[in-house]
Amino acid sequence: MRSHLKPITALCTALALGSVLTACGGTAADPDAKEVTVYSADGLKGEKGDGFYDKVFKDFEKKTGIKVNYVEAGSGATVQRLAREKMNTQADVVVTLPPFIQQADGKGLLQKYEPKGYDKVAAADRDPNGKWTSIVNNYFCFIYNKKQLKTPPESWQDLLDAKYKNKLQYSTPGVAGDGTAVVIKVMHDLGGTDQAMDYFKKLQANNVGPSSSTGQLAPKTAKGELLIANGDVQMNFANMKSMPDQGIFFPAAKKGGKPSTFALPYTAGLVKGAPHTENGKKFLDYLLSPEVQQEVSSVGGGFSSRTDVKATDANAEELEKIMKGVEIFEPDWQDIDKNLDTYIDAWKSATGS
């Protein structure tokens, strides 16, 4: 979702933070190994080992004996890496955000597999052809420093206020999933590409500059280095315990309008040509199992992807309060997937990026 590379296990220990994404050597993986390799957007693994993925990986290995090799990168960078490794596939499962999961499918990087519980995921959150499905539901948002701002900005227009100069930052569209979401939301709210790009040109006066990682913006906002940054509900809610001065808000299209957002789920698919296909299938089944989906809110701070799982834990109640009164719209992901490069090029031109 964000775009820094943070290898976690021995799969790519030689890769450094922010290094160019290349294949982890040219050797083929052992098809009989009791392991599964997951390429994923960040946000679900805790910095202190207490995140959703941390528990899922540990429990999955205990239950099946299959070790999870985990490599973290940005949504767009993850798909780029899969494409580069197409002739020597290393990953078994990919987890990324829309529109990058659609992009992966369009590049022929996914194979059909409907995990157990696939039919319990809402139609809008899974591929009708069975190539991918949401595993953790999530929503686009912005964050602000509650200590320095008594109330958050109400609308996009408010973000143009000069008091936010060099105190506002959003992650890079086309690289970070959440950054791409900023472009999608502004285009929707302001009525089209031209209006959105005019807005981004004005907003650039306040913008600190590019950030390949959305995750790095939350600590800056919590400390007061930034007053405003983009994010997503799951990630920002999950780190509120360590960043209590961080607040979540949803910009309205105009002053006096209702706050709105759209779903930005973590979506997973089985990689085509995966070296451990059967292990990948088992892992996807486990991610959608009722017991794991019940922990999406209590452990991960997100929203269950299964419509038949109703979380009642304290986190689920707090998340419901955060989303109360927020309108949710559904982007045209097919259009976005088809025209993403055009939209990103327009954003680069408008901002001089």
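## A loop residue, Asp313

Asp313 is located in the loop that runs between β13 (303–304) and α11. The model described here is a predicted one. Leaving aside neighbours within four places in sequence, Asp313 is in contact with Gln294, Ser297 and Ser298. Asp313 and Phe140 are 173 residues apart in sequence, and their C-alpha atoms are 22 Å apart in space.

Val326 has its place in the loop between α11 (314–323) and β14 (327–329). Its relative accessibility is 12%, so Val326 counts as buried. Although Val326 and Pro259 are 67 residues apart in sequence, they are 5.2 Å apart in space, C-alpha to C-alpha. Pro259 is also among the residues that Val326 touches, together with Phe250, Ser260 and Thr261, when residues up to four places away in sequence are not counted.

Ser134 belongs to strand β6 (residues 133–137). With a relative accessible area of 0%, Ser134 is buried. Not counting residues up to four places away in sequence, Ser134 touches Val121, Asp125, Pro265, Tyr266, Thr267, Leu288 and Ser305. Between Ser134 and Leu97, the separation is 37 residues in sequence and 9.0 Å in space, C-alpha to C-alpha.

## Aromatic pairs

A pair of aromatic rings is described by the distance of the centres and the angle of the planes. The structure holds 19 aromatic pairs. One of them is formed by Phe57 and Tyr70, whose rings are 5.4 Å apart from centre to centre, with 55° between the planes, a tilted arrangement. Phe57 lies in helix α1 (residues 52–64) and Tyr70 in strand β3 (residues 67–73), so the pair ties together parts that are 13 residues apart in sequence. Phe57 and Tyr70 are both buried.

Tyr170 and Phe200 form a pair with ring centres 5.9 Å apart and planes at 40°, so this pair is tilted. Tyr170 is in the loop between β8 (168–169) and α4 (177–190), and Phe200 is in helix α5 (residues 193–203), so the pair ties together parts that are 30 residues apart in sequence. Tyr170 and Phe200 are both buried.

## An aromatic cluster and a charge over a ring

Tyr170 and Phe200 also belong to one aromatic cluster, which is formed by Phe140, Phe142, Tyr144, Trp156, Tyr170, Tyr199, Phe200, Phe249, Phe262, Phe329, Trp333 and Trp347. Elsewhere, an arginine meets an aromatic ring: Arg126 lies over the face of Tyr118, at 4.9 Å from the ring centre.

## Helix α1

Helix α1 has 13 residues. From its first C-alpha to its last, α1 reaches 18 Å, close to the 18 Å expected at 1.5 Å a residue. The buried residues of α1 are Phe52, Tyr53, Asp54, Val56, Phe57 and Phe60. Just after α1, Gly65 takes a positive phi of about 80°.

On the α4 side, the contact is made by Val182, Val183, Val186, Met187 and Leu190. On the α5 side, Thr193, Gln195, Ala196, Met197, Tyr199 and Phe200 take part.

The axes of α5 and helix α12 (residues 333–351) come within 8 Å and cross at roughly 35°. This crossing, too, is right-handed. Here the contact is made by Thr193, Met197, Phe200 and Lys201 of α5 and by Tyr343, Ala346, Trp347, Ala350 and Thr351 of α12.

## Backbone exceptions

Most residues other than glycine have a negative phi, and most peptide bonds are trans. Pro99 has its place in the loop between β4 (93–96) and α3 (100–106).

Methods: Residues numbered from 1 in each chain as written. Predicted model: local features only at pLDDT ≥ 70, side-chain atom pairs only at ≥ 80, totals over all residues. Heavy atoms only, no water. Phe/Tyr/Trp six-rings, centres within 6.5 Å; stacked < 30°, edge-to-face > 60°. Helix = DSSP H or I, 4+ residues; strand = E, 2+ residues; numbered from the N terminus. Buried < 20%, exposed > 50% of the residue type's maximum accessible area, 1.4 Å probe, protein only. Lys NZ or Arg CZ within 6 Å of the ring centre and 35° of its normal. Expected span 1.5 Å × (residues − 1). Contact = heavy atoms within 4.5 Å. Axes fitted to C-alpha atoms, helices over the stretch in contact; angles between N-to-C directions. Left-handed = near helix turned anticlockwise from the far one by under 90°.
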